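Me: I'd like to learn how to read a few features of this structure. Could you take me through them one at a time?

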Amino acid sequence: MPTILAVDDSASMRQMVTFTLKGAGFTVIDAVDGVDALAKAKTAKVDLVLTDVNMPRMDGISLIKELRALPNFKFTPILMLTTESGTGKKTEGKSAGATGWIVKPFNPDQLLATIKKVLG
Amino acid sequence: MSIDISQFLDTFYEESFEGLDTMETELLGLNPGEADAESINTIFRAAHSIKGGSGTFGLMNVADFTHVLETLLDEMRDGRRDVTQPAVDLMLASVDVLREMLTALRNSEEVDSVRVSEVHDQLEALLKGEAASAEDDIVEGAVGDEEENAAGNSTAGWNIGFKPLSHLFKTGNDPVRIIKELSELGSIKASIDLSVMPEFDLLDPEECCLAWQIELGGDATEEQVRDVFAWVDEDCELVIEAIVSGAAEEPEEVSIEPEVIPTPEVVAEEPIVNTEPASASASASASASASASAPVSVAAETAEAKPSAAPAKKPTSSATKKGSAAESGSIRVGIDKVDALINMVGELVITQSMLNQLGEDFTMDRVQKLQEGLSELERHTRELQENVMQIRMLPISFSFNRFPRLVHDLSSKLNKKIELKMSGENTELDKTVMEKIGDPLVHLVRNSLDHGIESPEERVAKGKPEIGILHLNAYHQGGNIVIEINDDGAGLNSDRILQKAIEKGIVGENDSLSDEKIHELIFAPGFSTAEVVSDVSGRGVGMDVVKRNIRDLGGVVEVKSKKDVGSTFTIRLPLTLAILDGQLVRLGDETYIVPLVSIIESLQIKAENVNSIAGGAELYKLREEYLPIIRLHEVFEITPVNSELVNGLLVVVEGDGQQAGIFVDDLLGQQQVVIKSLETNYKKVEGLSGATILGDGTVALILDVAGLVTLSRERVKALKSQAAVA
């Protein structure tokens, strides 16, 4: 089963996402912010990244840029979890190399549907 | 698959309360006019997380409320709005409202909707008032347009020109996935346009050099179609044209030569797609595209749709089963503490198996080995105990953190200028002690602010700096935590206290008391010097209650004060309520435990130092001091081995700042005892603070030294006055 790197500074969101994905059979690596995620990304094979945007230390946008610079993450789907309904963060994320986004609030079913769609 | 997301609510509440604390701290640190960008960002992030989480977990009223706050903060963050004091105050009020809302939700209580909408309206007013953000209007306009489009466009189908830009793969997107998703909207006919394909030897497999012309049949709206391409909007050239019924344009079909495969995966899989939509997949695609969608209108739609699903009923359904459990809460334990525990348990298991082995064929020559094993067992047990206690230890900052806000609010209310200093915030103490010390601390701090620190004018007149300083300090001393509340205010007014105490009959008119003794009078029951009961220091609750609360925790409070220099209240508390170092004493057939911290010394009684006073009370002369002797057997009405003082021992103890001698038959060993509450298991007994179970299984009662000392002092006083009357 594919491995998903889930990044969120909020423990409850992390729990929810991890629980949902594990329940669907995915392997999940979780990280509390960009710095943590980047360190974990370097030592694991990841099929998809799911990242929050607003985080301390390193935010989601910077994380995407850093990941895209890694050879292993050149083509890896990276989805942003964003509450911004405006286009600002999405555009920023897109130009950093994000694949797409999931708009918060979302429910577990929506999350799974999107991830399954991306992973085929 | 449906997942019950209410299981994550506890974590959500916990982190939200932490977030609110952070917001409060940062807000209090903001200087209007020159706000620190990092602080604003931190506040924004906390609000943002609460909004995201509450939306996800179906707490829509919290999400709505936070949304307005977040918008305000976002504008401040981008420099579109100035940070003003009224705005900061309003945001502080919002933090309070959010805290109340979340508390009410967690405890399944009614949310005070009047207060919520009041602050909500104020936020809205602030938002609309200054710098009425033009952006909102634009966004609204956009929503309107798209809705129109969505409603108006229902045609026979769509002709879609999809030409990904060469970097498409580097965004992690896959054209095939997009076309597949499109196929869920209706029947599609797709053809590949190879005109953009370079010569084979110039081909870069990492670049996308294909284009598609897709004919989508069915009644999908333009919005649905655009949703499918939302993620690649800027990574492709996209042309979407409605097919006018009956005039479907035939796209040029291009035959594909298998040899020319730019990215094998893509083309091999998907030369021409032509699928009939299964009716079942139509609904699935709708939800899939909704979750992935970009446009504002869809975001709003998801937000509305979601709460009506599973989460909406959660607050009520989980309410009943949570109820009482809600308040018991949880504690966060550092992973290092847990690791230490696991480590200790590992050691214990090793020792246990070693002892086991020893026991299997034990001979007397291995007795030394057995002793070693047992002492190891003892050491591990002790360490395990210490580590377990560590789990309940929290830094006192949890308790201190509420004071910046309290001082901020009160100083403006009292028109005083006060600076709060805090030190030793990382000093740890037991969670239960922390919870119980909260109210007494607040009372003492309020007291210092209200009665201690003077108004700026008064201070200037006294030649003091205009700004008064309140200092909270905490540190460990022995097995205790010491908390100091120090102010540089007016100090206690000894004359007034004495006068008041005489009026209330707490002391006799002719008693001469040292300043220290006079200051202690403020803790006497029924004493209050405040002529006007202000709502700051609270009414009805006096310092005697503070003292009693602290005593119930096994602690003491004392005050040192100097006129016009200031006052210091010092609270000493045991680090934990669960374990105590005790001196075992024998009295008749019973064993009692005296807390080791209260023992000053133990001595053999000399007959010539015993003085009997009128009424039958006895005093012991110890280095020019007279201590009341407490005959414990009389207090507890048991038969002692002897009632002759010279045959027993006197344990000199100090409680409540006063000394007394406890007369016992014998001293036994010292040991740590686990405290069992008498109140929970039986009822409160005067003079006892609890009970414990000794190694041999018998129950021993633990003496409440402070209570006993007070009891004996009162008795001596009563006997004296009786004698005087006689």
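Me: Which residue in E18(B) is the bridge partner of B:Leu603?

Reply: That's B:Leu650. B:Leu650 also stands opposite B:Phe663 in E19(B). Strand E19 (residues 658–664) of chain B runs antiparallel to E18(B), and seven bridges join the two.

Me: Now helices. How do I read the packing of H1 and H5 in chain A?

Reply: Two packed helices are described by the angle between their axes and the distance between those axes. Here, helix H1 (residues 11–23) of chain A packs on helix H5 (residues 108–119) of chain A at about 60 degrees, with the axes 10 Å apart. H1(A) and H5(A) are therefore oblique to each other, and the crossing is right-handed. H1(A) brings A:Met16, A:Val17 and A:Thr20 to the contact, while H5(A) brings A:Pro108, A:Leu111 and A:Leu112. Of the residues in this contact, five are nonpolar, one is polar and none is charged.

Me: And where in chain B is the pLDDT below 50?

Reply: Where pLDDT is low, the predicted coordinates should not be read in detail. Chain B averages a pLDDT of 77, with 81% of its residues scoring at least 70. Over residues 131–154 of chain B, though, the pLDDT is below 50, and this stretch has 22 contacts in the model beyond near neighbours in sequence. Residues 531–540 of chain B also stay under 50.

Conventions. Residues numbered from 1 in each chain as written. Chains lettered and ligands numbered in written order. Predicted model: local features only at pLDDT ≥ 70, side-chain atom pairs only at ≥ 80, totals over all residues. pLDDT = per-residue confidence, 0-100. Contact = placed C-beta atoms within 7 Å. Axes fitted to C-alpha atoms, helices over the stretch in contact; angles between N-to-C directions. Helix = DSSP H or I, 4+ residues; strand = E, 2+ residues; numbered from the N terminus. Parallel < 35°, antiparallel > 145°, perpendicular 65-115°, else oblique. Left-handed = near helix turned anticlockwise from the far one by under 90°. Nonpolar A, V, L, I, M, F, W, Y, C, P; charged D, E, K, R; others polar. Pairing = 2+ DSSP bridges.
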